[in-house]
Structure formats: C-alpha cells, structure tokens
Amino acid sequence: MFNNVFKSLKAIKDSFTADAIRRAERRATAAAAADDELPEGDGVFKPQRISRLIDIIQPTAQAGPTAEEICGIASRMPKDEIRRRLALLYRRYNRAASSLDPKLRHEAERMLDAIVTVRENVFGPI
Amino acid sequence: MAEFVGIDLGTTLSGLAYLRPDGQAEIVPNGDGERLTPSVVYFDRHEEITLVGSAARDGGDPERTVYQIKRHMDDPDHYVEVDGRRWTPAEISALILSKLKRECSRLIGDFTEAVITVPANFNELARKSTIAAAEMAEIKVSRLVNEPTAAAVYYAHTQDVDGRILVFDLGGGTLDVTILEVQNEEIQILTSEGARHLGGSNIDETLLELYADQYREQVNAELFTDERQRRRALQAAEDAKKMLSKLQRYTDTIGNDTNGIARIEVRREAFEKAVSKLLTRSIMLVEQALDGVSLKPSEIDHVVLVGGSTRIPKVKSALEKFFGKAPKSCSNVDEAVALGAAVFAQRAAHVREVCNQSYGTLAMLVNAATGEEAVRNSIVIAKNTPIPCSKTQIYMTSEPNERFIEVDITQGEDDDPRFVDVIGKISLEVPPDRPAGCEVAVTYSYDENQRVRALVVDKQSGRSQEVAVTYRGAGILSEEELQKRGRALRQLRIE
C-alpha cells in the first residue's frame, strides 16, 4: 500500500492504533469467511474490504452492507468494545471530514453516518 | 479609533464587536442598522453593485446569490462564477468583511487590525483563506482564534466564574466543542474539537425534507423544482425551526406557482426525531473532547451554549441528560463569538491555548511488540499540547548510503498515513557512504499564532535545515495575486 512512499526515517513504537482496528476487523470477518477467500488485508481498516466481503458471502443480496458491517461491528461484540471502536472510528473520520483530500472528506461523511447509525442501534437515540 | 476589534465571520451570520473604553465588549451594527449581517452576497445583473447581508439574502436571483461560502473555505477547487468572473471563497468572504469594516468604521472609527474567529476544526487551507480574505478587505489579522475559545473568553469575562467550562457552539455550519479551565483572570484551553457540516443549516435541510414529504403527500408533486423555489422553502423551514423551539406544534402554508399550496404541520416530536442523528453526532463530539483530556462529564463545572441552534430545546435537554446539569447561555447566543473575539483581542496574554492538531512526520515505524514494520504517521507535537511549545523526536536512517533525509510534515492524530494531511516537506542532503541507523533529530515548534516551524538535524554530520511550515498547495493565492485581487475588490461598490 505504501510502495510509492519513500521513507528514510525509522523509529520504534509500542503499538499502532491500526492494530486495534485490524483486530476488530478480523473479529468481524472471521466468523463469515476464511482469510484466503477475502480481498487482501494490510492491517488498515477499509470499508470497501468489508463491502467486498459481503459480496463474497451474499453474492445475490440486493442491499449493500449494513452500518454495523461498514463499521466492522460483529454481532456478539461486547458493548464496551463497540463503544470504544465507535469512538475510535468517530475520531478518525471526524478528522477526515476536514481533510485536504476531497475524496477522503466524501468517504468520511458516509462513514460518520454509519457510525451514528450503529451508535443509535446499539445504545439508543440521544 | 477602536483598538480592540473582533470579527465573527460566520457561516450564516457575521458580526463585528469592539471593546469600549470601559472594557465592555459591544456589537457594532452595520449600515442597515442590524447587529449581525447575513453572510450572503448578491451580484446585481443591472448595476455595478454587490449587495451583502439581508438585502442580498431576501431579494436576489439565487443564481447570482452566494450563501454559506464559509463551508467551502477548505475546498481549493471551489469557485463561484458570475458574469464570466470566477470568485474564490476567500474573495466572497472578503466582500462580507469589507462591508463590516466600511460600515462599522463609521461608528467606531477606522481600524486596521482585528481578531477573526474560525471553527476549531478549520484546516490549514481554510485558515489561510480566512487570512487572505481579511487582507483583501484591508484588515490585518492580529490573531485567528477558535470560535468556542472566543465565546468561552466572553463567558468567563462576563460571568466571573472559575472552574472547568465546556463550550458547546452549534453554529450555522459547524459544531465546535472546547473545554477550558478558568482560574481568576487566567484561562487555559484544554482542548477543542470540531465537526464539519454539523450546524444549523443541516438542521434546516432536515426540516426541509419533512416539508417536502408532507407537500408530496398532499399535492402529489414536488415542493421545489428549481433553486429559487428551494431557497424559499428552506427559509420557511428555518422559520419553522425557530418556532418549534418555542411551540410544540407549528403550521405553515407553503407552495409554488406550478403546483399550488399545501398546509404543513410539524410537531416538535417529529422534528426532534428527524434531527436525532445530528444530535447523536453532537454528543459523540462532546465525548471525543472529554476523552481527549481524560475527563468525565461530572468533572465539568459549567456547560455553556453558543450558536443559534442551541435554542432548540432537545439540544439543551440532551446536554443536561449527558452532564447531569443544566447548560447555560452567555447573553445572546448569536453574538457571543464576536463579543468574545473583541475581549480576546485585549486579553490574549491571559489565554493559554493548545495545539489544535497533532504534527508529525511519516516514518517507517517498527512495532516493538510484534517486529512489524510499516510507514506510519509518527507524532512529534501531540494535539492539546499547551503552546508555545517545542518538541523533538529522534529517528534513524533506515538504509545505508542514504543521501537525502526526507521529512514529510503531517497534520493529524491518526497513525495511519491515509488519514493525515501532508502540509510541508523538508529534504536534507547528508554525506555519502554512511551505514543505516544514523540519528536524525526532528524538532517542531508551535507558537501562539499557530505557526509551525520544523528543524531537521543530522546528528553525525551536524547538517540541518529549518523551515516555517506553511500549506502552499492548491487554493492558496500568491502574494502578488492576493494584492491584485484586493485592489480590484476595493474598487467595488458594496452595500
């Protein structure tokens, strides 16, 4: 994914935020399909990967992925974990909504809508 | 001559305030006698005149009228074309500022400097566009200050309170949340968070959908089929929003020349249900702000409302439920930001701000736990660090015989490079034939005017390079072009 980026600097860090996202994404997808049937994952959360996953599982489904699927929320995920994950995604995509990249801004609005939908589905409306 | 002037360049309304000799901030009315000026610009077809404010909003052809230009200040590709001339968002904003400056100067005397407020989440381009707009209007920006910070300063100044304050600023186009601590005269901003496209106009659009649905059910036709009709209906929806803040039920008659009229009835309950997603998003932003400084709702002493849409009862009740205490308003919620900007102009030395964003560099990071390597955004100055500040991170070169140390200067907290903006670059040439692992120190400094400087030092050779980090990408006018457009703008008749 970063092939076009030449980076000369190197440092050591305890953990990556993306690790948490990847773990959640794995949990969300593991029950549904074997890894080798999925589009290649690279540790970075990608809504389109979830969309592709849904295509694989339900090729005849008319509707697109649900908000939960877009957000990588598995059906048996504990509420505390859902809350943490939604907070992480909200922080990311709320910032992305002000990005200098117009494509990312557009994607962010769609994700924020899904995040709020999941929040209301799981915890009820405000 | 007014010494301390503050301007709220808002999405829907703009206002100018100054500090009177007795130290009290006061709104200065425009030439139409209005305390606040609608941020609307109209280019007349027949006369060489540009209307700004209520006249522009009420009477014009929508194709020649510009609404809510502030929403596009961060879009380098956005322009408004009228009679073959292309106007950038900064130029349209400059017209609004010009009207404020010209007309308010008649009452308070000429002024050349002002504090201008911006949403907390305005990106580099939007901030620079705001400064460019002011320069074209012959206003030197002494400071850009975040809108909720200005409102908080006004609240602390007028209410004489101490403790932790959370300001919930639901403006025309954005929601900003700021948490600050006040002790005696001193104000320490702890954090500011903002949400783009979450404001009063989004609520109006939602209500417009309710109107359109009811109209379709009754008349079996569309409420609007062109921009002029849509604008009229949107104005009716905005009026309905205001009424539903006072009444449980509101009836209206609306229609168009083609399909006739219909009687619309909206109940507050239906309105609140329609805007519930926006409210949920608002509360999530509050949670994000609290989480960013590790505070619980119970640790906030005062919740302060700013912005016209905080008049909606559901906004107040949602915040009261969340915090367990009733939120308060400071004077007129529409004017607090401009008034606070004027107070800030004088009291800036008593206000300690924080970095609104994290600043870092892209680097090949090694996960100490797993050994995994990946290009990540490595933060040098973290968001919410009190300013002024200077921070250094040490990196190593990753390959032998590297001739150039490349440093991408990033803005954003995420460690995933996809979700941060690269706002500058430094390339430092170093001696040949060196092994991997040479130490490189990257130092960022952030001053009170939100200017970032970056210094890269190759420790082995002692070579270094320092730059002022400034976004120079698309949408930024050159100094020459800025002056040229400013001169052209000053020739216009603006009413």
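**Ground rules.** I numbered residues from 1 along each chain as its sequence is written, with chains lettered from A and ligands numbered from 1 in the order in which they are written. Because the model is predicted, I kept local features only at pLDDT of at least 70 and side-chain atom pairs at pLDDT 80 or more, while totals for chains, interfaces and linings use all residues; side-chain values use heavy atoms, without hydrogens and water.

**Ring pairs.** I paired rings of Phe, Tyr and Trp (its six-membered ring) with centres within 6.5 Å, calling planes under 30 degrees apart stacked, over 60 edge-to-face and the rest tilted. I found four aromatic pairs over all chains.

I looked up Tyr93(A) and Phe419(B): their ring centres are 5.2 Å apart with planes at 85°, so I logged the pair as edge-to-face. Tyr93(A) sits in helix α4 (residues 79–96) of chain A and Phe419(B) in the loop between β23 (404–411) and β24 (421–429) of chain B, so this pair joins two chains. Helices (H or I, at least four residues) and strands (E, at least two) are DSSP runs, numbered from the N terminus. Both Tyr93(A) and Phe419(B) are buried (under 20% relative accessible area; exposed is over 50%, partly exposed in between, with a 1.4 Å probe and protein chains only).

Next I turned to Tyr359(B) and Tyr446(B), a tilted pair at 5.5 Å centre to centre and 50° between the planes. Tyr359(B) belongs to strand β20 (residues 359–367) and Tyr446(B) to strand β25 (residues 439–446), both of chain B, so the pair ties together parts 87 residues apart in sequence. Tyr359(B) is buried at 2% relative accessible area, and Tyr446(B) is buried at 3%.

**Charges over rings.** I required NZ of Lys or CZ of Arg within 6 Å of the ring centre and within 35 degrees of the ring normal. Arg85(B) lies over the face of Trp87(B), 3.8 Å from the ring centre. Lys101(B) has its charged end over the ring of Phe111(B), 5.5 Å from the centre.
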